[in-house]
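Q: Hi! Could you walk me through a few spots in this model?

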Amino acid sequence: MNYPKILVLTVTSAMALMAFVSVSVASATTLEVGGTTKNEAVSIAISLTSETSGYMRYTSGAIFDTCTVSTGEGSTTSPYTGELIAGEESSSSLSSCSRPVTIHEIGEVSVTWRSGSTDGTVFSKGDEFTVRSPLLEYLICTTGEEGTHVGTVTGISEGYALMDINAVVTCTGGTTTVLEATYTVTSPEGLGISS
């Protein structure tokens, strides 16, 4: 995705907004809303958590971009339960950044159920964005076609779930960049992931 989508994923997304995947053959992944499993499309909206920022930094630790506004929306598609639950991201935005970010490709976000919880592990694939580094070079960054681990969703039966992004993405010239942000799932309330 672009920077925001990876965050939402990322970003975006997190994006995204989500295609939900279970890596375990023994169990499937299903979304819950308010503690009730859903065998239908679930529309999801996320927003950078209030009074927080999203960061882009080198793996050495130096932060080179900070964004204070980011949102994303999307919806799951049939089948709604199984080893692979597809979803489509319909919109993503990122603004109020210290360095401009340009989104080129919107990829796919997925989540796998974390055993014994209502949480999930989030992945992104096929996202591409450009950001200008402090060295005045433009970095083109992507999440891999095989999927990049980007963070976790902490599910909840009441209130708003959280998506914590901590992703390492590959950029031009062999550079790796770390994306960090916390998103609030603003809709639906009570989003969780189950088996």
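Predicted model: local features only at pLDDT ≥ 70, side-chain atom pairs only at ≥ 80, totals over all residues.

Q: Good. Which side chain has a polar contact of 3.2 Å with that of Thr143?

A: That's Ser124: a polar contact of 3.2 Å joins its side chain to the side chain of Thr143.

Q: What about Asp127, how far is its side chain from that of Ser124?

A: The side chains of Ser124 and Asp127 are joined by a polar contact of 2.3 Å.

Q: And where is Ser124 found? Is it buried or exposed?

A: Ser124 is part of strand β12, residues 120–125. Its relative accessible area is 1%, and because buried means under 20%, Ser124 counts as buried.

Q: Switching to another serine: which strand does Ser194 lie in?

A: Ser194 lies in strand β18, which covers residues 191–194. Ser194 is buried too, with a relative accessible area of 8%.

Q: What does the Ser194 side chain make a polar contact with?

A: With the side chain of Glu32, at 3.3 Å.

Q: Which residues does Ser194 touch?

A: Leaving out residues up to four places away in sequence, Ser194 touches Ala28, Thr29, Thr30, Glu32, Thr37 and Trp113.

Q: New topic: strand β14. Which way do its side chains point?

A: They alternate along residues 138–142.

Q: How many bridges join β13 to β14?

A: Five, and the two strands run antiparallel. Within that pairing, Val131 stands opposite Leu139.

Q: How does β14 pair with β16?

A: In the antiparallel sense, over two bridges. Cys141 has Cys171 in β16 as its bridge partner.

Q: Last one: in the largest nonpolar core, which residues touch the most other members?

A: Ile44, Phe129, Val131, Ile165, Leu179 and Tyr183, out of 31 residues in that core. The largest share of the core, five residues, comes from strand β16, residues 162–171.

Note on methods
Residues numbered from 1 in each chain as written. Heavy atoms only, no water. Helix = DSSP H or I, 4+ residues; strand = E, 2+ residues; numbered from the N terminus. Buried < 20%, exposed > 50% of the residue type's maximum accessible area, 1.4 Å probe, protein only. Polar contact = N/O pair within 3.5 Å; in protein donor to acceptor, adjacent residues only side chain to side chain. Contact = heavy atoms within 4.5 Å. Core = buried A, V, L, I, M, F, W, Y, C linked by side-chain atoms within 4.5 Å. Pairing = 2+ DSSP bridges.
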